[in-house]
Structure formats: structure tokens, C-alpha cells
Amino acid sequence: MLIPFKYHRRTTSATHVGKLTIGSEFPIRIQTMANTSTDDVEASVAQAQRCIKAGAELLRFTTQGTREVENLRLIRERLQGAIPLVADVHFRSDVADVAAQAVEKVRINPGNYANDPALIRERFLHLIAICREHGTAIRIGVNHGSLSQRIMEQYGDTPEGMVASCMEFLRIAVEADFSDIVLSIKASDTHIMVQTVRLLVQTMEDEKMSFPLHLGVTEAGEGEDGRIKSAVGIGALLADGIGDTVRVSLSEEPEAELPVAKALVDYFVELDSPRYHGNTADITDGTLTYTGIESDAALLRLHAAAECGRLLWDYDCKRLVIHAPHADVDSDTLKRDILQAAGICRYRTEFVSCPGCGRTMFDLQGTVARIRQAVAEHPSPRLQQLKIAIMGCIVNGPGEMSDADYGYVGAGRDRVSLYRGKECVLKNIPQEEAVTRLLELLENN
Ligand code: SF4
């Protein structure tokens, strides 16, 4: 059976984020998040300028407290309106209220905004009133692994729980007739992320809502693995016509995320162009055979991942064959990369690592590289079956890595806690010791 490739964007409403509008009448927006400390205004402005140059249309900053909000004002002034800014707020609704008066958009996490439904309503209506007055947009950003206690008790950490958490806030916004909203539901597991966003879209359609969607695979990791994983998750939804803004999360500098996001978006938007007319997918007896005619290996890899993940899931295929007649690409390696990114097979150790942000208080990128190298050099093949999480802090840390076998989580300045499954086995150890201690833990278990 030949599967046609096509792209038809889902209709969504328009959300105004300063001078930028997000929604189906407008191009899919590319965004990223700074990994500088928001209190370091010089470094943040310099990074913002590099991100703008690399194609960012929206830039998010960690906003832990009111000091960060004041520094966001300074960063915004220094950038002279070159890009709308987003304050990323967790745990403190009072900080969201202040940030809504300082920047173009505020991201809140329903999982840690408030637990009690009456309190959620009171606080969220208050935030909406401030946003309405200041022309500020809100992103309701749900994450797998950081749901509220109440939602966890009712649904567990499931797609239904994530959607219920999001809808609770959306219904309040609709009732208050506030429409400058963008939604995101992210997970590091690509299949869970795709299933959940599809469920959210269906639930919204049932309730006649059409808010724009922000897509991303959270904690996708780095290097080729991170790019393929992002392409599998984000590509599956773009292929459905879902997605109005995209952030690729890599444990690299934010500037490196932007070309990946742009390449994915451009592929779907230009899918009708003759340059892709020879690309095909055939499904026979549970085997997906993908042919990509691109001559550029790096693009071909992204496009194949963007198409194959959803086809493997939707048609219940367990086998994949890749033909790349014009590109210098190792088809077998690409096949394994895609099957692993889609969660269908595990060929090597699975790494989940966050992109880092202003909350990260240790050298995240260096740590990821050291752990990956140490594990790759280890003689035990059993390590290949493990899932290891490396997280900058506890916001998404312990929750998002709950299905990881081991976790390395930032606990404070240059301090790290190590987890075995959900259990914290070493708390607040110095960063210099932490990689060695993690390897000892792996060896001893
Ligand atoms: S888990 Fe990583 S990216 Fe997420 S808030 Fe913590 S440090 Fe930032």
C-alpha cells in the first residue's frame, strides 16, 4: 500500500504575542529558549542576538522570581523590540502576574501553578485580567512528569491526565473570553507526546476550541539522536497539520536548535514542491519501506524521521527499510535511529537530557558528553538496555525521568542528586564527583 505524503494545516485561532501573531493564518513560528541566567543581562542579550540571527521569532527566558522579571525588562529594553520575549514561570503564580506586565507572553505550567481547583480559578482569572490589560499572551505548557498531585491521583501520568490538566485552564480562559492563548503538551517519549497532542486536539474540537499549538519533544537530548527524536515527534504532528509554533529542545546552545526547527517546518510547507515528488512510503505485511530522493544526507535524515515515526505507529509496523539512492547516508544506521527514537526498538543506551536553561546550575552539555562517552566505552552490553536521564533541575527532573532507569538531576549550584528509578539514592553530591558516582551506581547494579 502506497501512502501519499501531503500537508494540510489545521485551522487555529490567532494569538497575538507582541508584534507576532501565532495561528494557522500565519507562518509556523520558530522559537527557542535561552540557557543563560536571566540575571546576567549582558550574556542574555548577546545570546538573544545570536538566536535572532539564527532565525528565532520568539525567545523564552527562565523567570524564577521578581528579580528575573526586572532583568527581563532590561533585556527587552536592550533588544529594542527585536523579538517578543516569553517569561517561563513555574511554581509561582505571583511571578506570572508580574511577568505579564513586563514581556509579551508568559508560560505557566498547570502542574505547579496551583493544585486546588478553586485556587486555580481565582489565580488564573487574576492573571488573565492582567494579560488583557497589558496585551500579553499566555502559554499553557503542560509537561509529562510535572502534573499536579490531584491530576496524578485521578489519572496517573497519562495522556488523559495531561489533557485534563490543560483543559481545566482552557475552559476558564474561554469562559473569561480570553483568546491570546497558545498550548503545549510535551513529553520526552515521542509516542506519548504525539498521542497526547492528538487527544488534546480532539478534545478541543469536541468543545469547539481551536487554540494554536506549540510543538516540541522535551528533553530530546543532543547531537543526531536529539535531532532524529525531535523530527519523529514534531514531524508526526506537522504531518497531521497540527502545529503553529515549533521549539526543538536540544542539550546544545539554543542557536543550534533553530536550523533544525526551520528544516522540519520548511519540509512540510514545501512538501508539494517537485523536489520531493520522488519520496515514497510503502507498507506491506508490517514493513514500512521509505524512499527519500534528497541528495543532502542531513536533510534526508530529518525528513525520513519526520515521516516514518507516525507511519510506524499508525500502521503498526515493526520493520523499516530505508532507500536513499542519492544521499551519502548509512540506511541501516538511520533505520535503527528512527526505530529507537519512535520507541519501537532499543539498540543502544537511551539518553534523555533537558536543553538546560537559567535554572541549570552545572555544566549540562559537558556532563551529557562525559556520561555518553563513559557509557559508550563501557564493556557491558547490558548498559545498552538502559535509559539514563540527565536533567538540569527538578522542574521536570524527577517526574519526566520517572521511567528512566537512572537519573542525574541538578540539585543546586554545582550539586547533583542521583536517582535509581524513582528513588533518590545520592542527594546533593558535588558535581565533580557525580559522573563517577553515577558510573559506580551503574556498575554496582
Ligand atoms: S529540567 Fe532543564 S530545561 Fe527544564 S527547567 Fe530544569 S534546567 Fe531548565
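Two strands pair if DSSP finds at least two bridges between them. Helices (H or I, at least four residues) and strands (E, at least two) are themselves DSSP runs, numbered from the N terminus. The model here is predicted: local features need pLDDT of at least 70, side-chain atom pairs count only at pLDDT 80 or more, and totals for chains, interfaces and linings use all residues. Residue numbers start from 1 along each chain as its sequence is written.

Start at strand β5, residues 58-62. Strand β6 (residues 85-89) pairs with β5 in the parallel sense over four bridges. Leu59 has Leu85 as its bridge partner in β6. Right-handed means that, with the strands pointing away from the viewer, the path from the first strand over the helix to the second runs clockwise.

Now take strand β4, residues 29-33. It also pairs with β5 in the parallel sense, over three bridges. Met33 has Arg60 as its bridge partner in β5. Helix α1 (residues 41-53) carries the chain from β4 to β5, and this β-α-β crossover is right-handed.

How many residues of β5 are buried? Five of its five are. Buried means 20 or more other C-beta atoms within 10 Å of a residue's own, with C-beta atoms placed from the backbone. Leu58, Arg60 and Thr62 lie on one side, Leu59 and Phe61 on the other.

Pro110 belongs to helix α4, residues 110-113. Pro110 counts as buried because 24 other C-beta atoms lie within 10 Å. Its contacts (C-beta atoms, placed from the backbone, within 7 Å) include Ile140, Val142 and Phe169, not counting residues up to four places away in sequence. Val142 is 32 residues from Pro110 in sequence, yet 6.1 Å away in space, C-alpha to C-alpha.

Key:
Buried ≥ 20, exposed ≤ 12 C-beta atoms within 10 Å, placed from the backbone. Contact = placed C-beta atoms within 7 Å.
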